Amino acid sequence: MSKKILVLPGDGIGPEITAQAVRVLEVCRDTFGLALSWEEGLIGGAGYEATGEPLPEQTLAQAQAADAILLGAVGGPQWDKLPDISKRPERGLLGIRKQLNLFGNLRPAILYPQLAEASSLKPEIVSGLDIMIVRELTGGIYFGQPRGIRELENGEKQGFNTYVYSESEIRRIGRVAFELARKRNKKVCSVDKANVLEVTMLWRDVMEEVAKDYPDVELSHMYVDNAAMQLVRAPKQFDVVVTGNMFGDILSDEAAMLTGSIGMLPSASLDEQAKGMYEPCHGSAPDIAGQNIANPLATILSVAMLLRYSFNEGELAQKIEQAVSDVLDQGLRTADILSAGMTQVGTDAMGTAVVNALKALAP
Ligand code: NAD
Ligand code: IPM
Ligand code: MN
């Protein structure tokens, strides 16, 4: 049976980069014979402009009916001052993650050797880098209640959010991390702030408990401030990093830079059944939107993750990753990963190059 993908381009560079990823889907269907179909939906600012909601009901229904979702990015300065914060584009993204129970966010920071020069760290520090950041995505301070902005008796306003995790939420993300580590270098580093925050003291205890079921995997703990430092000091010490929603958001952007650019980092957001949403880790990049200069590779690599995790098509996923590597071998670079002696190309041309490289890998 044909698999159905919902494509949500979103805002800013979202439509430009998803267009290139869809071209890769076309090759998967037409050249590699994968039974695939897709349709587009509205989310974020695009959803708000069309329907008044950043997550229109129809989009949620489409997402529920789909086998997997491919998303570009949401948000932009034109919506940053909306008086009703529930209408902000970012709420659409948070809403779909929560509604579909996509609690397990995988963010692989892998350095393509060809990009060692584009990394902000010295090649010897980053060469061979391959870290899997496992970010809890539907809990923590992003979703805790109560939250809001209230007025105090003295007339001053106070903003507040609640950082909460229940044992079951910690346990299930812990299992995702340990299962992944088992297939990798068998090391999990759990990142917390257990020297200060009770919620992460519990996090640490539950991780210890989960670790008992995985005697073959080594568990270590690190405070988040140290982890931020270690990621730039000696990033190769990490294999799988597991952490909560907000720390994971921050550390994954940091890790992205080790791979050359935020434009290189894909992601998968999975529920218990590996129904997933796939998106680049970066945002809508309003500063470069509409200029055909955004790097589409994170979105294209998200297609590879989609095939691997939701459709069990690991071989084809690997071919897409190979095609990306081949294009880098050809010396083609978007502006964000440009280095001396390389050829600068735009978003479309990068997409075309990957499409051609992928077709060349057909049997
Ligand atoms: P951003 O990731 O959009 O951009 C940060 C910087 O990285 C910018 O200079 C941008 O030009 C650059 N960049 C990002 N993606 C790139 C790519 N593919 N190629 C080349 N350069 C790229 O983060 P921001 O500026 O903090 O946020 C902009 C908007 O995006 C905000 O509205 C924010 O809420 C939203 N956002 C959305 C997502 C998402 O949809 N998953 C993620 C992060 C931020
Ligand atoms: C991400 C983004 C989102 C997050 C925002 C846009 C809600 O930064 O996907 O990393 O914080 O999760
Ligand atoms: Mn982020």
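Let's start with helix α8 (residues 224–233), which lies across β8 and β9 and runs at about 105° to β9. Helices (H or I, at least four residues) and strands (E, at least two) are DSSP runs, numbered from the N terminus. Axes are lines fitted to C-alpha atoms, for helices over the stretch in contact, and angles run from 0 to 180 degrees between N-to-C directions.

This is a predicted model, in which local features need pLDDT of at least 70 and side-chain atom pairs count only at pLDDT 80 or more, while totals for chains, interfaces and linings use all residues. Residues are numbered from 1 along each chain as its sequence is written, and chains are lettered from A and ligands numbered from 1 in the order in which they are written.

## Its partner helix

Helix α9 (residues 245–258) packs with α8 at an angle of about 10°, the two axes being 10 Å apart. The pair is therefore roughly parallel (angles under 35 degrees count as such). On the α8 side, V224, A227, A228 and L231 meet F247, L251, E254 and A255 of α9; contact requires C-beta atoms, placed from the backbone, within 7 Å.

## The sheet

Now for the open sheet: its 10 strands follow the order β2-β1-β3-β12-β11-β4-β5-β10-β8-β9, with mixed pairing (two strands pair if DSSP finds at least two bridges between them). β2 (36–40) and β9 (218–223) are at the edges with a single partner strand each, so one side of each has no neighbour in the sheet. From one strand to the next, the twist averages 25°.

Strands β4 (residues 104–110) and β5 (residues 130–136) run antiparallel, joined by seven bridges. L106 stands opposite V134 in β5.

How values were computed. Two residues are in contact if their C-beta atoms, placed from the backbone, lie within 7 Å. Angles under 35 degrees count as roughly parallel, over 145 as roughly antiparallel, 65 to 115 as roughly perpendicular and the rest as oblique.
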